[in-house]
Amino acid sequence: DLGDLRDRLPPFPTHIARAIIEEDIGRSTEALFAAFSENPVAAASIAQVHKALTKDGRSVAVKILRPGIEEAFAR
């Protein structure tokens with residue numbers, strides 16, 4: 001199964017990434033960040049990365065696990 005992992009996959013939709021953040025942290029991306037990129041800068045089999053700007057002006061990378069990846073690892 002680990003052989004199926006890839007370092008480049010199509011990104012999953014940003015609205016799903018935002019929903020994962022909200023579910024895991026309990027706050028929306030709008031509440032957490034001054035800006036959150038609509039397009040990921042990287043996407044792979046385990047996660048994808050979005051650029052964001054914190055409320056205090058720091059540029060950060062937000063790594064979001066791909067939907068279902070935890071269950072896949074558990075199997």
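The structure is a predicted model, in which local features need pLDDT of at least 70 and side-chain atom pairs count only at pLDDT 80 or more, while totals for chains, interfaces and linings use all residues. Residues are numbered from 1 along each chain as its sequence is written, and side-chain values use heavy atoms, with hydrogens and water left out.

The side chains of D56 and R58 are joined by a salt bridge, at 3.2 Å from N to O. A salt bridge is a side-chain nitrogen of Lys or Arg within 4 Å of a carboxyl oxygen of Asp or Glu. Three salt bridges are found in the structure.

Another of these pairs E30 with R18, where the closest N and O atoms lie 3.2 Å apart. Because E30 belongs to helix 2 (residues 29–32) and R18 to helix 1 (residues 14–25), the pair ties together parts that are twelve residues apart in sequence. Helices (H or I, at least four residues) and strands (E, at least two) are DSSP runs, numbered from the N terminus. E30 counts as exposed because its relative accessibility is 52%, whereas R18, at 19%, counts as buried.

R18 also meets E38 in a salt bridge between their side chains (2.5 Å, N to O). This pair links distant parts of the chain, 20 residues apart: R18 is in helix 1, and E38 sits in the loop between strand 1 (33–36) and strand 2 (42–43). With a relative accessible area of 47%, E38 is partly exposed. Through salt bridges that share partners, R18, E30 and E38 form one network.

Attention now turns to T54, which is placed in strand 3 (residues 47–54). T54 has a relative accessible area of 11%, so this residue is buried. Its side chain is joined to that of D56 by a polar contact of 2.3 Å. A polar contact is a pair of N or O atoms within 3.5 Å; within protein, one must be able to donate a hydrogen and the other to accept it, and residues adjacent in sequence count only if both atoms are side-chain atoms. Leaving aside neighbours within four places in sequence, T54 is in contact (heavy atoms within 4.5 Å) with F33, A34 and V60.

Terms used:
Buried < 20%, exposed > 50% of the residue type's maximum accessible area, 1.4 Å probe, protein only.
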